[in-house]
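Please look over the sequence and the model before reading on.

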Amino acid sequence: MLDDFMVRAALAGVGIGATSAPLGCFVVWRRMAYFGEATAHAAVLGVALALALSSPVLPAVILASLAMASAVTLLRGHGYAMDTLLGVMAHTALAAGMVAVSLISDARLDLMAFLFGDILAVSRGDLVVIWGGGAMVLGLIAWQWSNLLISTLNPDLARAAGVDPRTAELWLTLALALVVAVAIKVVGVLLIAAMLVIPAAAARPLARTPEEMAAGAALIGGFSALSGLYAAYILDTPAGPSIVCAASLIFVVTTTVRALKARKTPRI
Amino acid sequence: MTSPVITARDLSIRLDGREVLRNISMTVEPAEIVTIVGPNGSGKSTFLRALIGAVPLASGRVERAAGLRIGYVPQKLALDAALPMTVRRFLSLPRRISDDLVTEAMSRAGVPGLENRQMTDLSGGQFQRVLLARAILERPHLLLLDEATQGLDQPGAAAFYQRIEEVRRDLGCAVVMVSHDLHVVMAASDRVLCLNGHICCEGAPEVVADAPEYRALFGTGTKGTLALYRHQHSHRHDADCEHDHGHGAN
């Protein structure tokens, strides 16, 4: 069964969708959409680094993403607004990464595959990385769930309850870097942030508690992957962007349904 | 607990290279209500945050009683609309809390039956009371309130502080609060600490209201209001206290 590239692609897509979406909830709640993007863009630098040192790509990408995430966390609140800082760093990382990759002339590299992903070329080894990494990320988030929630609500409230918000934040950063590294193959650097944010945003109108939203986001993420792949197969469109479009469509539907409901039954 | 609940010894704090607090020493006894007043930027909130361990100290130290449980109501809790959160779920963070404890704390805080509401749907007064319920859930020895009545009108604030006194009476916890509602808060306090980077003056509300350092910061106007408030709401002070503060001071 795993011999079929479509089956492998579906498994990879569902894995990434279900993993990145709950993490994306924190990205949405903490207003760090750009943070995910900066981390993802740094991955291109990681790829260049790996090529220059002829070392394996995955560890280099994780390292670069982690470095970017840590740098952003450290620089926060030192003179620049967060969105300015992230705007500078995200796009610098992307541009510098692309320049660096092109300078390594002897390396034959399909940059497009990194920018937009190549889910149809997913191998069995990639599947192991995606599901293994995904399980690690979900485990991490589940383990730190309460601490992360209270730190997201208010860092001082966390302190008073005996939770160190910086430690929780560190775990979140690590999980984000991991997701970015394993998701590159599926949706590519440019669309990872979309897979983080859109399913979470689509789940918001349906949820009453944070747990419902995370579960809903995971379902929507997985479903987007399947329907996006199907559409790509039927319409012969690029797979990664089709998955993101599917997620966006679900977002439009849930948001509209919620808006219509709110009009019928005014909330007290 | 008969020993002090929490003690700050010679505490100094620098934020971004600027000295915010200098040589603060104070002790909170069990079941005592201490109010911290001071102008904007005087380091009131920073001091409370230092007590919960959220700010690094430049020097000095904070000594807590062994096994001290702290309930904290932060100055601002801006709940992002993107985060769905029922009151019940909010109260169970970060530890799971039994239904019994939740029900008890909610009624003590004066907001019974709101468990299934969304936090973002609460009115300002309800929100503050839910924060209070959260702070007293685990029967703290020390309750820290940072301008807990922000956004409430004066009767709302007065009712809130009355609620605090009841909580203190029922749970026997010490209370340290920061406030801008000078007259209301001072009337409900055992001790007032006037802060402006350092401790300007401290003592019983009447003493502080008469102190020249306090007047230099706040003028004499609040004293009349303090007297007025006492006459209307003298729920726990002795009768002879009523005659202490003449209006001639103005």
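This is a predicted model: local features need pLDDT of at least 70, side-chain atom pairs count only at pLDDT 80 or more; totals for chains, interfaces and linings use all residues.

Residues are numbered from 1 along each chain as its sequence is written, chains are lettered from A and ligands numbered from 1 in the order written, and side-chain values use heavy atoms, with hydrogens and water left out.

Chain B and chain A bury about 2,300 Å² between them. Three salt bridges cross that interface. Chain A has eleven helices and zero strands.

**Interface of chain B and chain A**

- Chain B gives 26 residues to the contact and chain A gives 24; contact means heavy atoms within 4.5 Å.
- Carbon and sulfur atoms give 56% of the buried area, which is the accessible area (1.4 Å probe) that two parts lose on being put together, summed over both.
- The rule finds three salt bridges across the interface; each is a side-chain nitrogen of Lys or Arg within 4 Å of a carboxyl oxygen of Asp or Glu.
- Arg49(B) and Asp156(A) meet in a salt bridge, at 2.5 Å from N to O.
- On the side of chain B that touches chain A, β5 (70-73) and α2 (87-91) of chain B each supply at least two residues.
- That side of chain B has 15 nonpolar, four polar and seven charged residues.
- In this classing, Ala, Val, Leu, Ile, Met, Phe, Trp, Tyr, Cys and Pro are nonpolar, Asp, Glu, Lys and Arg are charged, and the others, Gly among them, are polar.

**Chain A overall**

- The elements of chain A, from the N terminus on, run α-α-α-α-α-α-α-α-α-α-α.
- Helices (H or I, at least four residues) and strands (E, at least two) are DSSP runs, numbered from the N terminus.
- Of the 268 residues in chain A, 51% are buried; buried means under 20% relative accessible area, exposed over 50%, and partly exposed in between (1.4 Å probe, protein chains only).
- Among contacts in chain A with a separation of 6 or more, 75% join residues 24 or more positions apart.

**Strand β5 of chain B**

- β5(B) pairs with strand β6 (residues 142-146) of chain B in the parallel sense, over four bridges; pairing requires at least two bridges found by DSSP.
- Val73(B) stands opposite Leu145(B) in β6(B).
- Ile70(B) and Tyr72(B) point one way from β5(B), Gly71(B) and Val73(B) the other way, and all are buried.

- Gln118(B) sits in the loop between α3 (99-108) and α4 (124-136) of chain B.
- Gln118(B) counts as buried because its relative accessibility is 9%.
- Beyond neighbours within four places in sequence, Gln118(B) is in contact with Arg204(A), Arg208(A), Pro84(B), Met85(B) and Thr86(B).
- A polar atom of the Gln118(B) side chain lies 3.1 Å from the backbone nitrogen of Met85(B).
- Thr86(B) is in the loop between β5 and α2 of chain B, and is buried at a relative accessible area of 7%.
- A polar atom of the Thr86(B) side chain lies 3.2 Å from the backbone nitrogen of Arg89(B).
- Beyond neighbours within four places in sequence, the contacts of Thr86(B) include Arg208(A) and Thr209(A).

**Salt bridges**

- The count over all chains is 19.
- Arg30(A) and Glu169(A) form a salt bridge, with their closest N and O atoms 2.7 Å apart.
- This pair links distant parts of the chain, 139 residues apart: Arg30(A) is in the loop between α1 (5-29) and α2 (33-52) of chain A, and Glu169(A) is in helix α8 (residues 165-187) of chain A.
- Glu169(A) is buried, at 16% relative accessibility.
- Arg163(B) and Glu166(B) meet in a salt bridge at 3.7 Å, N to O.
- Arg163(B) and Glu166(B) are three residues apart in helix α5 (residues 154-171) of chain B, so about one helical turn separates them.
- Arg169(B) and Asp170(B) meet in a salt bridge at 3.4 Å, N to O.
- Salt bridges that share partners join Glu104(B), Arg108(B), Arg139(B), Arg169(B) and Asp170(B) into one network.

Methods
A polar contact is a pair of N or O atoms within 3.5 Å; within protein, one must be able to donate a hydrogen and the other to accept it, and residues adjacent in sequence count only if both atoms are side-chain atoms.
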